[in-house]
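Please look over the chain shown below before reading on.

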Amino acid sequence: MRHFFVLGLFLMVLQSCSEYQKVLKNEDLKAKYDMAEKFYEEKDFKRANRLFEQIAPKYVGKPQGERVMFFLADSYFKRGDYNMAGYQFERFIKSYPKSDKLAEATFLGAKSYYELSPTYSLDQTDTDKALLKLQNFINTYSESEFFAEANAMAQELTRKKEKKAFEILKQYNKLGEFNYDMLKSAIAASDNFISDFPGSIFREDAYFVKVQALTHLAMNSFESLQEERLTEAMEAYQTLKKQYPSTKYEKESAQLLERINRELLKFNTIEESK
């Protein structure tokens, strides 16, 4: 019985493939449409997608055009072809701005770019596109069933951009051990990070990196610049403590403060001896 079942199943699959190839090659538009919907409902998105690709241009301006274009975009999405899905959802939104599927298409278009977003260390162009589209969806469809998921995705992508920006400023600071001019880049990057990401989980870290970079820069500056830069490092330390009184960098920042005070004391002694 098991062999008969397997044989029967094989014959059914073979017949289905034969019917698919037959419909794919003929010019019967309705037959293609019906089979495309059948495959779509059965979650056979690869074959559904190919049929929808064939018939979509021929349904432009017809009553079924909206349905076909949405299924075409969604079948790309379900197949994991997010570049084409994003493009087709954008076309759908422009073509059918009053569609009942507009909110879903807007969300799935944004999600397509979310899926294309690479690891934080790579170029973040698709991340920026996804964030822009997700924010547009969040602002427009606050009552949508997809609202919570869109918010979660936007937060995840924002964290990714924060991570990239923070890793860059950390790298500047590290390179500053060998090239003091890189410390200036670390300081500027810290300021930009604090301004650009006020709610970031790395904000405290950025404040500390700035104290660290300013201190090291001051210590390795010409004597004529040292006092001014030491004062800036002191102010950065005070800002860190004001923002985070119980900072996780208490020990490290205290050691930096001790060095700053010790060096500033030399200048005060020189002034007093004059």
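## Terms and basis of the model

A crossing is called left-handed if the near helix is turned anticlockwise from the far one by less than a right angle, and right-handed if it is turned clockwise. Helices (H or I, at least four residues) and strands (E, at least two) are DSSP runs, numbered from the N terminus.

The model is predicted, and local features need pLDDT of at least 70, side-chain atom pairs count only at pLDDT 80 or more, while totals for chains, interfaces and linings use all residues. Residues are numbered from 1 along each chain as its sequence is written, and side-chain values use heavy atoms, with hydrogens and water left out.

Axes here are lines fitted to C-alpha atoms, for helices over the stretch in contact, and angles run from 0 to 180 degrees between N-to-C directions. On the H4 side the contact (heavy atoms within 4.5 Å) is made by Phe70, Asp74 and Phe77, and on the H6 side by Glu104, Ala105, Leu108, Lys111 and Ser112.

H2 also passes H4 in a left-handed crossing, with the axes 11 Å apart and a packing angle of about 40°, and H2 and H4 are therefore oblique to each other. Here Tyr33, Glu37 and Tyr40 of H2 meet Arg67, Val68, Phe71, Asp74, Ser75 and Lys78 of H4.

## Nonpolar cores

A nonpolar core is a set of buried Ala, Val, Leu, Ile, Met, Phe, Trp, Tyr and Cys residues joined through side-chain atoms within 4.5 Å, where buried means under 20% relative accessible area, exposed over 50% and partly exposed in between (1.4 Å probe, protein chains only). The largest nonpolar core holds 42 residues, of which Phe52, Ile55, Val68, Phe70, Phe89, Phe107 and Leu134 touch the most other members. Two or more residues each come from helix H2 (29–41), helix H3 (45–55), helix H4 (65–79), helix H5 (82–95), helix H6 (102–116), helix H7 (125–140) and helix H8 (147–175), and H4 gives the most to this core, with 8 residues.

Leaving aside residues up to four places away in sequence, Val68 touches Tyr33, Phe52, Ile55, Ala56 and Tyr59. In soluble globular proteins, nonpolar side chains tend to be buried together.

## Salt bridges

A search of the whole structure finds 18 salt bridges, each being a side-chain nitrogen of Lys or Arg within 4 Å of a carboxyl oxygen of Asp or Glu. In helix H2, Asp34 forms a salt bridge with Lys30, their closest N and O atoms being 2.7 Å apart, and these partners, being 4 residues apart in the helix, are separated by about one helical turn. Asp34 is partly exposed, with a relative accessible area of 38%, whereas Lys30 is exposed, at 54%.

The side chains of Asp74 and Lys78 meet in a salt bridge of 2.6 Å, N to O, and these residues, 4 apart in helix H4, are likewise separated by about one helical turn. Asp74 is buried, with a relative accessible area of 2%, while Lys78, at 42%, counts as partly exposed. Elsewhere, salt bridges that share partners join Lys163, Glu167 and Lys170 into one network. A further salt bridge links Asp44 and Arg47 (2.7 Å, N to O), and Arg47 counts as buried at 17% relative accessibility.

Lys43 is found in the loop between H2 and H3, and its phi is near 65°, a positive value in a residue other than glycine. Most residues other than glycine have a negative phi. Lys43 is exposed, with a relative accessible area of 62%.

Met219 lies in helix H10 (residues 203–219) and is buried, with a relative accessible area of 18%. Not counting residues up to four places away in sequence, Met219 touches Gln226, Leu230, Arg259, Ile260 and Glu263. Met219 and Leu230 are 11 residues apart along the chain, and their C-alpha atoms are separated by 7.8 Å.

Note on methods: Angles under 35 degrees count as roughly parallel, over 145 as roughly antiparallel, 65 to 115 as roughly perpendicular and the rest as oblique.
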